[in-house]
Amino acid sequence: MPDPAEAMDLEIDPKEFRTVLGHFPTGVTVVAGVDDEGAHGLAVGSFFSVSLDPPLVGFCVGCESQSWARISHTGRFSVNVLSEHQSEISRVFARSSGDKFAEIDWFASPATGSPWITDAVAHIDCDLEHTYEGGDHSIIVARVLTMQVHRSDHSPLIFFKGGYGRHVGL
């Protein structure tokens with residue numbers, strides 16, 4: 001067994017890192033908010049539950065994300081859990097520029113006004129609680145304000161090995 005101290009000196013190739021972690025499937029969400037200039041959003045695959053009491057969720061976002069900079073400034077946003085039919089929407093929100101909401105059907109959350117993407121599986125409205133440094137990403141923790149399952153008849157969109165798929169029931 002290798003000495004853990006020696007293992008700490010190993011350099012991890014970023015391409016290999018991405019390939020290996022690509023073997024772990026993730027759900028696909030769009031984090032979205034509104035400021036004085038309009039709606040902004042970004043695709044996020046690192047969404048997770050943090051706590052039941054209080055209700056907290058989390059996700060990771062690249063430190064250079066301009067979309068997140070606009071959204072976080074307001075402190076309030078939504079998480080849209082994309083359905084199996086929304087891979088093109090994920091691609092739109094994976095881009096780093098442009099008006100991502102121009103051709104996307106969405107409506108304002110009744111509770112917070114945050115963008116809810118039409119036909120998403122679920123919507124979660126949040127307030128930003130904490131931001132932690134995590135290398136080239138920030139780790140975001142948010143308090144859940146309101147939530148709703150919108151399309152229980154659809155499976156969520158899954159990202160796996162660099163491509164999109166869907167959950168197949170047991």
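## Report on a predicted protein chain

Asparagine 80 touches Val28, Thr29, Val30, Ala32, Pro115, Trp116, Ile117, Ala120, Ala122 and His123, when residues up to four places away in sequence are not counted, a contact being heavy atoms within 4.5 Å. This asparagine has its place in strand E6, and at 0% relative accessibility asparagine 80 counts as buried; here buried means under 20% relative accessible area, exposed over 50%, and partly exposed in between, with a 1.4 Å probe and protein chains only. Asparagine 80 and alanine 108 are 28 residues apart in sequence, and their C-alpha atoms are 12 Å apart in space.

The structure is a predicted model, in which local features need pLDDT of at least 70 and side-chain atom pairs count only at pLDDT 80 or more, while totals for chains, interfaces and linings use all residues. Residues are numbered from 1 along each chain as its sequence is written, and side-chain values use heavy atoms, with hydrogens and water left out.

### The chain as a whole

The protein chain has 4 helices and 12 strands, where helices (H or I, at least four residues) and strands (E, at least two) are DSSP runs numbered from the N terminus. With 170 residues, a compact globule would have a radius of gyration near 15 Å, and the 17 Å of the protein chain agrees with this; the radius is taken over C-alpha atoms, and the globule rule is 2.2 Å times the number of residues to the power 0.38. Along the principal axes, the C-alpha atoms fill a box of roughly 55 × 35 × 35 Å.

Of the 170 residues, 36% count as buried. Among contacts between residues at least 6 apart in sequence, 63% join residues at least 24 apart. The chain exposes about 10500 Å², of which carbon and sulfur atoms supply 55%, the areas coming from the Shrake-Rupley method with a 1.4 Å probe.

### Nonpolar cores

A nonpolar core is a set of buried Ala, Val, Leu, Ile, Met, Phe, Trp, Tyr and Cys residues joined through side-chain atoms within 4.5 Å. The largest such core has 15 residues, of which Val31, Leu42, Phe59, Trp68, Phe77 and Cys126 touch the most other members. Two or more residues of this core come from each of strand E3 (38–44), strand E5 (56–62), helix H3 (66–74), strand E6 (76–81), strand E9 (122–134) and strand E10 (137–149). A second, separate core of 12 residues includes Val28, Val92, Phe101 and Ile104.

Cysteine 126, one of the core residues named above, touches Val57, Gly75, Arg76, Phe77, Val79, Ala142, Arg143 and Leu145, leaving out residues up to four places away in sequence. Valine 28, which is included in the second core, lies in the loop between strand E1 (26–27) and strand E2 (29–35). Apart from neighbours within four places in sequence, valine 28 is in contact with Val44, Asn80, Val81, Leu82, Ser90, Leu157, Ile158, Phe159 and Tyr164. The C-alpha atoms of valine 28 and serine 83, which are 55 residues apart along the chain, are separated by 8.4 Å.

### Accessibility of selected residues

| Residue | Relative accessible area | Class |
|---|---|---|
| Valine 28 | 6% | buried |
| Glutamine 66 | 61% | exposed |
| Glutamate 103 | 79% | exposed |
| Aspartate 119 | 32% | partly exposed |

Glutamate 103 is found in the loop between helix H4 (87–94) and strand E7 (106–108), and its C-alpha atom is separated by 17 Å from that of serine 67, 36 residues apart along the chain.

### Backbone details

Aspartate 119 lies in the loop between strand E8 (115–117) and E9, and phi of aspartate 119 is near 70°, a positive value in a residue other than glycine. The peptide bond from aspartate 53 to proline 54 is cis, with omega near 5°, and proline 54 lies in the loop between strand E4 (48–51) and E5.
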